[in-house]
Amino acid sequence: MNEPNPFLGPARQRELYGHASRLAGRTSALMRAKTAGRPVPETIVSLVQTHHGQPNRLGVVLDIGCGRGTSSLVIAEQLRPQRVVGLDAASPLLAQARKRAEELPDSKVDFVEGDFHDLPLPDGSSDVVVAAFCLYHSPHPEDVVAQIARVLAPGGLAVLVTKGLDSYQEMDQLVASAGLDPRAAQHESLYTAAHSGNLAELAASSLDVIAVLDEEHVFTFDGHDHTAQYLATNPKYDLAPGLYGNPGALAATLHEFLPDQPLTTRSRITFVVAQPNEGGGPA
């Protein structure tokens, strides 16, 4: 029997995001490996500029699942709304986001701890709501979409972003081949709750979908040491004691069992742009 999906259990989520350094290390390793695909924050900005009626006169932009604040800061710099609110459930990530925001002159970014099932903003208060790489953390993402619809202002815009179910499957094959987790390819996708195949349908539960964009992002890790930096805190795999959170030990195991060579893996990134229903509120 498969272990519960680590992205859907609150206790496991606290473990995954209770240390900002873990997310930073995993993200840094992935971004260093990236060889194709536009930066996601810049793509979000471009979609807002294309589809919002007044992209140069935005009031509040809400960035749900803001993590370490990367997208929030890009939005603040490039769209220049009156205010950006970054919301996340992980206080260690928010602490790092606030520290990064100090480097932005005249920053109008606030970072707030909260639950995306009960957004701490008034009805109709946000001109733009972004939910990137977070909806798959909810067992009921349609409830989060309903909250997004509630806080969107008339004429507002939502940009939802997720990954394909089969993202990084080449990584699964590597982990299985090295004997690190022989069942790596059989584990449920981390993105089951909200993935490329169902994101538009989820959005349409409370919003009007006006655009869908799919992009393939390609990543080439230059060898076992680089790959281990990503794998060491990836929650999908059942690693032996002493390997999780320990890229050095993980790399040593990879070197022991497999020839060192680059690994290329892929992820389908889907952006859904939606707006409030004409009648206002959820459908």
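I looked up arginine 80 and found 65% relative accessibility, so it counts as exposed (over 50%; buried is under 20%, partly exposed in between, with a 1.4 Å probe and protein chains only). This is a predicted model: local features need pLDDT of at least 70, side-chain atom pairs count only at pLDDT 80 or more, and totals for chains, interfaces and linings use all residues. Residues are numbered from 1 along each chain as its sequence is written, and side-chain values use heavy atoms, without hydrogens and water.

Next I checked where arginine 80 sits. It is in the loop between helix H4 (70-79) and strand S3 (83-88) (DSSP runs numbered from the N terminus: helices are H or I, at least four residues; strands are E, at least two).

Then I turned to phenylalanine 133. Its phi is near 55°, also positive in a residue other than glycine. It lies in the loop between strand S5 (126-132) and H6. At 25% relative accessibility, phenylalanine 133 counts as partly exposed.

I also looked at helices H7 (residues 169-177) and H9 (residues 224-231). Their axes come within 12 Å and cross at roughly 105° (axes are lines fitted to C-alpha atoms, for helices over the stretch in contact; angles run from 0 to 180 degrees between N-to-C directions). H7 and H9 are therefore roughly perpendicular (65 to 115 degrees; under 35 is roughly parallel, over 145 roughly antiparallel, the rest oblique). Met171, Leu174 and Val175 of H7 meet His224, Thr227, Tyr230 and Leu231 of H9 (contact means heavy atoms within 4.5 Å).
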